Amino acid sequence: MKKIALSKLNELFAAIAKDTELHLPVNFKGETVFKKWTEGDNYAKDSLKTVKSPKDLFFPQNENISNFRKEGNKFIIDPVELPKSGIVVFGVRGCDEQSFRVLDNVFLAEPVDTFYEARRKNSVIITAACTKPSESCFCKTFGIDPTDPAGDVTTWIVDDNMFFAVKTEKGEAFLAKYADIFTEAEEDDTYRVENVKYLANQIFAKLPLADLTTEGWGGDKTDEKFDDPKWQDLSTACLGCGTCTFVCPTCQCYDIRDYNTGNQIQRSRCWDSCMYKDFTMCAHGTARPTQKERYRQRFMHKLVYYPANNDGMFSCVGCGRCVDKCPVQTNIVKVIKAFGGDKK
Amino acid sequence: MQEITGLMVKRAKELLEAGEVQRVIGWTTGDFCYDVTPAVFTKAEDLEEGKFVYNSFCGSNLSKYLIQTLRNDINAVNTAKAMAARKGENPDDIPGPGKTLVFLKPCDTYSFNQLLTEHRIDKSLVYVIGVACRGMADIEKIKLMGASGITKVIDAGDKLEVKTIYGDKSFDKKDVLLEKCACCKGKEHKYADEVIDPEPLPEGEGKGPMDRMAGVTMLEEMTAEERYAFWNDQLSRCIKCYACRNACPACTCMKCVFDNPRSGVDSKANVTEFEEKMYHIIRAFHVAGRCTDCGECSRVCPQGIPLHLLNRKFIKDINEFYGDYQAGEAEGQRAPLVNFDAENDVEPSIVNEKGGN
Ligand code: SF4
Ligand code: SF4
Ligand code: SF4
Ligand code: SF4
Ligand code: SF4
């Protein structure tokens, strides 16, 4: 394990930022967001979840993917250059780290999404252990250890120091690069980190959603759950906005639109939401005519369809953002509970 | 709150059991007391206290839910009638949708009147119970003031006792009011078939502690550049989730221009700085003169963008140009912006005369 005084963090950030784009949670206009670090930004070490998840570092809300134009009789395609590869994302919580793997299963499977791949491939993920969860956190339900999250490097804060543990080869190479900024942790420190983890786990056991389980969900539950009358009641309040999908770190749907700029066609893709009326609209209309079907889609995708295609892995990571932000408080926890998933 | 909830449940049960209403639109809750969801109840036995709630987090405006609920019920009746006709039965034997009971806070009744004026709902299908309100709390403010790990919130008069896994906290309700409640227009119901208010306030009392137009005045005092920078900062954070539109009781178009590919302004993401503002400018104009200042747009925004400032600027201007006007004050009002008056209407040049303000 390596160690650095919290007061020296900005020195580390400056060193990283010299080589690679560095993104981390900072307080910005009254909220915490993942932001590209520049001189003067301070790491918001106490923040748990940013409003928007860090997914748009790899899968931006909007991006231009191709351009077309006509020259005389010729139709010319101007490919858009792939994004520059490799960034460092610092201060990622356990839930968001797992969300990257959820997205990888989708975008890196054949046919590979080259834009996502270019951003993701050489990136380094440095995670931050959680010690003070909020009531809406339920990452443990999805097999995440928030006190010792995965990633290339994992960090803990103990008093005035931050500790770094290597988890992957990429992480090893990364730490080696900045070796002179760190000092080696002592044996004592290992115990102190273990103690922080131990105390955090006791808090996690007290969380109101600690008993939430995914029992009854999984890839084989389509027939059982699809026509359940509960979907009607659960979706009554849903406004059909995109809040839950846009704050969610694992929602992955996008739409592709062409814009006529006057002298060319710009093809863009942007996040879409299954909660929207015009989601997957086709010539015959929509396959999900009322909010009930749209609402069901979001949760069945997370808890049934995705696991069916990904060896049982769920595509919710329990970050609780949709629990915090749904304007009418109808969320995935209420869905899981309505189907009986509230006791371990 | 406990007392009034009991009275509400009792009345709703009576009306359901007597068959005077077929369904009740109210609120229910989940794990944390503050996670209140609008809900439709159709059986008296579902209306138990605990399941039906009325607490300091019932900020959501139920008038908007009437549109969809009534539409669904009418559709169901029409389908049943068509089926009957096909089977050779008399469609007139199929009973109508019956009435829907809705609980409305004072501010929600303005929206209700506005919906009546715009013929969005049929009042013969609705039974309105006005419920007393002493201000709703903003859970975001409570969290910002340091409460995390919340397991329960207890309404204790002017205080909110917040139980958390890190220890208990107490808040003065007046410090954590929703923006709309801090600027409350008054505690009088503008429409109701009956009112439940165990301890009515003396007449004229009940306005929020804050000046509703203070924020607008602050913006007007800025230079155009400062104002532009202010909105640029705010609107650049918009994630285009459309929660503000979908919650708004004035946004009732069957197909909104922003969902219509043929409108030329539809979009799902803000691509340029211009688009960040376009949606908000268009929506503000569409609801100008119709917005009752119910505050839902600002309440629901996940990014905390002060959308009320846009709407209140319109309200302030309308008041200044045409005399005081409050949308939703009564059913059937002639709103100044749709009322041609050659003598008194302002000319577009007013914008220049006021220096772009
Ligand atoms: S679940 Fe909530 S956040 Fe999601 S679309 Fe429905 S109202 Fe919006
Ligand atoms: S569904 Fe909700 S809790 Fe699950 S990952 Fe998405 S935002 Fe987080
Ligand atoms: S614009 Fe906002 S304040 Fe006005 S009616 Fe709509 S939701 Fe209410
Ligand atoms: S923004 Fe305009 S078009 Fe869209 S719903 Fe509101 S009033 Fe209708
Ligand atoms: S609710 Fe907020 S973030 Fe969502 S579209 Fe409206 S202003 Fe933008």
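Contact here means heavy atoms within 4.5 Å. The model is predicted. My points follow, by region.

1. **N61(B) and its neighbours.** Setting aside residues up to four places away in sequence, N61(B) touches K105(B), D108(B), S111(B), P249(B), C294(B) and E296(B). The residue sits in a loop of chain B, between β2 (36-41) and α2 (63-86). Is N61(B) buried or exposed? N61(B) counts as buried, because its relative accessibility is 2% and the cut-off for buried is under 20%. Its side chain also has a polar contact of 2.6 Å with the side chain of S63(B).

2. **F59(A), a loop residue in chain A.** F59(A) lies between β3 (31-36) and β4 (62-71) of chain A, in the loop. F59(A) is buried, at a relative accessible area of 1%. Which residues does F59(A) contact, leaving aside neighbours within four places in sequence? They are F107(A), Y116(A), C251(A), Q252(A), C253(A), Y254(A), R269(A) and W271(A). Take W271(A) from that list. The two residues are 212 residues apart along the chain, yet the C-alpha atoms of F59(A) and W271(A) are separated by 8.7 Å.

3. **S315(A), another loop position.** The loop between α9 (291-309) and α10 (321-325) of chain A holds S315(A). Its relative accessible area is 0%, so S315(A) is buried. Not counting residues up to four places away in sequence, S315(A) touches V102(A), T250(A), H301(A), K302(A) and Y306(A).

4. **Domains of chain A.** Chain A is divided into domain 1 (2-60 + 70-204) and domain 2 (222-338). Note that domain 1 is given as two segments. The C-alpha centres of the two domains of chain A lie 26 Å apart. How many residues of domain 1 of chain A are in contact with domain 2 of chain A? There are 30, and they meet 31 residues of domain 2 of chain A.

5. **Domains of chain B.** The assignment for chain B gives domain 1 (2-136 + 182-196), domain 2 (137-176) and domain 3 (214-352). For domain 2 and domain 3 of chain B, the C-alpha centres are 32 Å apart.

6. **Salt bridges.** The count over all chains comes to 63 salt bridges. Side chains of opposite charge can pair when their charged atoms come close. In chain A, the side chains of K221(A) and E224(A) meet in a salt bridge at 3.8 Å, N to O. K221(A) is buried, with a relative accessible area of 19%; the cut-off is under 20%. In chain B, D46(B) forms a salt bridge with K43(B), with the closest N and O atoms 3.9 Å apart. D46(B) counts as partly exposed at 23% relative accessibility. K43(B) is partly exposed too, with a relative accessible area of 42%.

7. K316(B) forms a salt bridge with E220(B), and the closest N and O atoms are 2.6 Å apart. Why does this pair tie together parts that are 96 residues apart in sequence? Because K316(B) lies in helix α11 (residues 308-322) of chain B, while E220(B) lies in helix α6 (residues 214-220) of chain B. Both K316(B) and E220(B) are buried. Elsewhere, salt bridges that share partners join D255(A), R257(A), D272(A), D278(A), D266(B) and K268(B) into one network.

8. **Ligand 1.** The residues around ligand 1 are C238(A), L239(A), G240(A), C241(A), T243(A), C244(A), M275(A), C326(A), P327(A), V328(A) and T330(A). What classes make up the shell around ligand 1? Eight residues are nonpolar, three are polar and none is charged.

9. **Ligand 4.** C251(B), C253(B), C256(B), V257(B), F258(B), R283(B) and H286(B) surround ligand 4. By class, this shell has five nonpolar residues, one polar and one charged.

10. **Ligand 5.** How many residues surround ligand 5? There are 13, and the closest are C238(B), C241(B), C244(B), H280(B) and C301(B). Two helices of chain B, α8 (243-247) and α9 (273-287), each supply at least two residues of the shell around ligand 5. This shell divides into eleven nonpolar residues, one polar and one charged.

Key:
Residues numbered from 1 in each chain as written. Chains lettered and ligands numbered in written order. Predicted model: local features only at pLDDT ≥ 70, side-chain atom pairs only at ≥ 80, totals over all residues. Heavy atoms only, no water. Near = heavy atom within 4 Å. Nonpolar A, V, L, I, M, F, W, Y, C, P; charged D, E, K, R; others polar. Helix = DSSP H or I, 4+ residues; strand = E, 2+ residues; numbered from the N terminus. Buried < 20%, exposed > 50% of the residue type's maximum accessible area, 1.4 Å probe, protein only. Polar contact = N/O pair within 3.5 Å; in protein donor to acceptor, adjacent residues only side chain to side chain. Salt bridge = Lys/Arg side-chain N within 4 Å of Asp/Glu carboxyl O. Domains from an automatic or database assignment.
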